Amino acid sequence: MTTEAVGFLHAFAQALSALSLYPEGHVSRERALDNAFQGLFDLMSKDANPAFSFLGDEVIYADRPLREFEEWGWSRRMSDVGVQRLEINDEVTRGELEEFLDDVLARMTYQAIDTTEARQTRPAGIKWGIVGLEGEEGLPQEITEATISFTLGEEAEAIRWMHNEVTSGRGVPLGEAEAVVRALAVAMHGDQHLVMPLLRLRNFDEYTTTHSMNVSVLTMGLAEWLGLSARDVRAFGIAGLMHDLGKVTIPHDVLNKTGKLNESERAIMNSHPVEGARIILKAEQDMDLAAVVAYEHHIMLNGGGYPRMKYSRECHHASKLVHVCDVYDALRTTRPYRDAWPPDKVLAYLEERSGAEFDGQIAHAFTRMMHTWEPRLAYVDENEPVPV
C-alpha cells in the first residue's frame with residue numbers, strides 16, 4: 001500500500017500545482033485531476049479508507065511516517081491551513097476530489113471566504129481537519145474535526161523487536177524508534193484534545209516494553225506542557241523510549257525477581273544506565289541525547305542515585321523530565337515485589353522529593369499537568385482502541 005500512497009501524494013501535489021496555474025477546463029488541469037483520481041483509485045484498490053496526517057514536515061500514512069516525503073513542501077502548507085488530517089472513503093468521486101483540491105488551494109492563497117457555504121457543500125467522500133490541542137491558537141476552527149482510531153499494538157511490537165535487535169547485537173534501530181515516537185505523537189493528538197495513552201502491563205516479562213512506551217508518552221506530554229518545540233518534544237520522546245535500553249543486558253531472573261535484590265544483583269541492576277548509554281553510543285546514527293538520558297535518568301538532583309559521578313554536575317533538561325516520568329510510571333505499575341501505587345500517592349511522593357531527588361520546577365509542572373490532563377489519561381491494552 002505504501003507504493004500506492006506515495007504515487008497518490010505525488011499526483012495530488014501535481015494536481016494542486018496545475019489548479020494554481022490553469023483555469024477550469026484547461027487540458028493540463030484536467031489531465032492532472034485525472035492522474036490524481038487514478039492515483040487515488042489505485043490506492044483505494046489496496047486500502048478502501050486511506051488516511052494521512054500532515055504534521056509540519058512529516059507525512060504519516062496508516063500510522064507510519066513516509067520517509068519519501070520528509071522534505072515535501074506541501075505537507076507544511078497543508079498543515080498550516082488546517083489540513084492536518086485527511087480521511088477518504090470509498091464513496092469519493094472525481095468531482096469531490098477536485099472540490100477538495102480547490103478548497104485547499106483557496107485556503108493557501110487566502111481566497112476562502114464563505115465558510116458556512118463551504119461546510120454545506122463539503123465533499124461527502126473526504127473528511128479533513130485539525131490534529132491538535134483543544135483551544136490551540138491560530139488554527140481555523142470552522143472546519144470539520146477529523147477523528148483517528150489508534151491501538152498501541154504495533155508500537156509495542158516494534159519496541160519488542162527493537163529490544164531483540166539490540167540483544168542480538170545488531171545495533172539500535174533508530175528509524176524504528178523515530179517511527180514509534182511519531183505514531184505515539186499522532187495518537188496523543190488524535191482529536192482536538194490531547195490524549196495520553198499509557199499501555200497497561202499484561203505480564204511482568206513485558207515490563208520493559210510497556211514502561212519504555214509509557215515513559216515516552218509521559219515525557220512528550222510534559223515537554224508539551226512546558227512549551228517545548230515540536231522537534232524537542234519528539235527528541236525527548238525518543239530519549240524516553242530508549243532510557244531503559246540497558247535493561248536488555250540484565251538477566252531475567254534479576255530483572256523480575258520477586259524478593260529483595262542481594263548486593264551483586266543490585267550491582268547488575270544499577271549497571272543498566274551505563275550499559276544503555278554504551279549501546280546507544282555504539283550506533284552509527286547521532287543519538288547523543290538518548291545516550292545522555294539513558295546514562296543520567298537515575299541521577300538525583302542532590303547527587304544521589306546512580307551511576308555515581310566523580311564530579312557533581314547538572315543533568316540535561318531531558319534527563320530531568322525523563323527521571324520524573326520514569327518514577328511516576330514505575331510506581332504506578334504493579335511489580336513482582338509490590339503493588340501499584342494509586343496516582344495521588346505517586347504525585348505526593350514526587351512533590352515531597354522535589355528539590356532533592358527531582359528538579360523542583362519539573363516535578364511541580366508534572367503534578368500540575370497530571371491533575372489538569374487526568375481526564376485525558378487512558379490506560380489501554382495493546383489492541384484496545386485509544387479513546388479520543
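Helices (H or I, at least four residues) and strands (E, at least two) are DSSP runs, numbered from the N terminus. This is a predicted model, where local features need pLDDT of at least 70, side-chain atom pairs count only at pLDDT 80 or more, and totals for chains, interfaces and linings use all residues. Residues are numbered from 1 along each chain as its sequence is written, and side-chain values use heavy atoms, with hydrogens and water left out.

**Glu265**
- You'll find Glu265 in helix 11 (residues 263-269).
- Glu265 is buried, with a relative accessible area of 15% (buried means under 20% relative accessible area, with a 1.4 Å probe and protein chains only).
- Leaving aside residues up to four places away in sequence, Glu265 touches Val254, Lys257 and Lys260 (contact means heavy atoms within 4.5 Å).

**Helix 4**
- Helix 4 (residues 94-108) has 15 residues.
- 11 of those 15 residues are buried, so helix 4 is largely enclosed by the rest of the structure.
- Among the buried ones are Glu96, Phe100, Asp103 and Arg107.
- The buried residues of helix 4 pack against helix 1 (2-21), helix 2 (27-44), helix 3 (73-80), strand 4 (85-88) and strand 5 (126-129).

**Helix 6 meets helix 8**
- Helix 6 (residues 153-167) and helix 8 (residues 207-225) pack at about 115°, with their axes 10 Å apart (axes are lines fitted to C-alpha atoms, for helices over the stretch in contact, and angles run from 0 to 180 degrees between N-to-C directions).
- Helix 6 brings Glu155, Ala156, Ile159, Arg160 and His163 to the contact, and helix 8 brings Thr208, Thr209, Ser212 and Met213.

Definitions and conventions: Buried < 20%, exposed > 50% of the residue type's maximum accessible area, 1.4 Å probe, protein only. Expected span 1.5 Å × (residues − 1).
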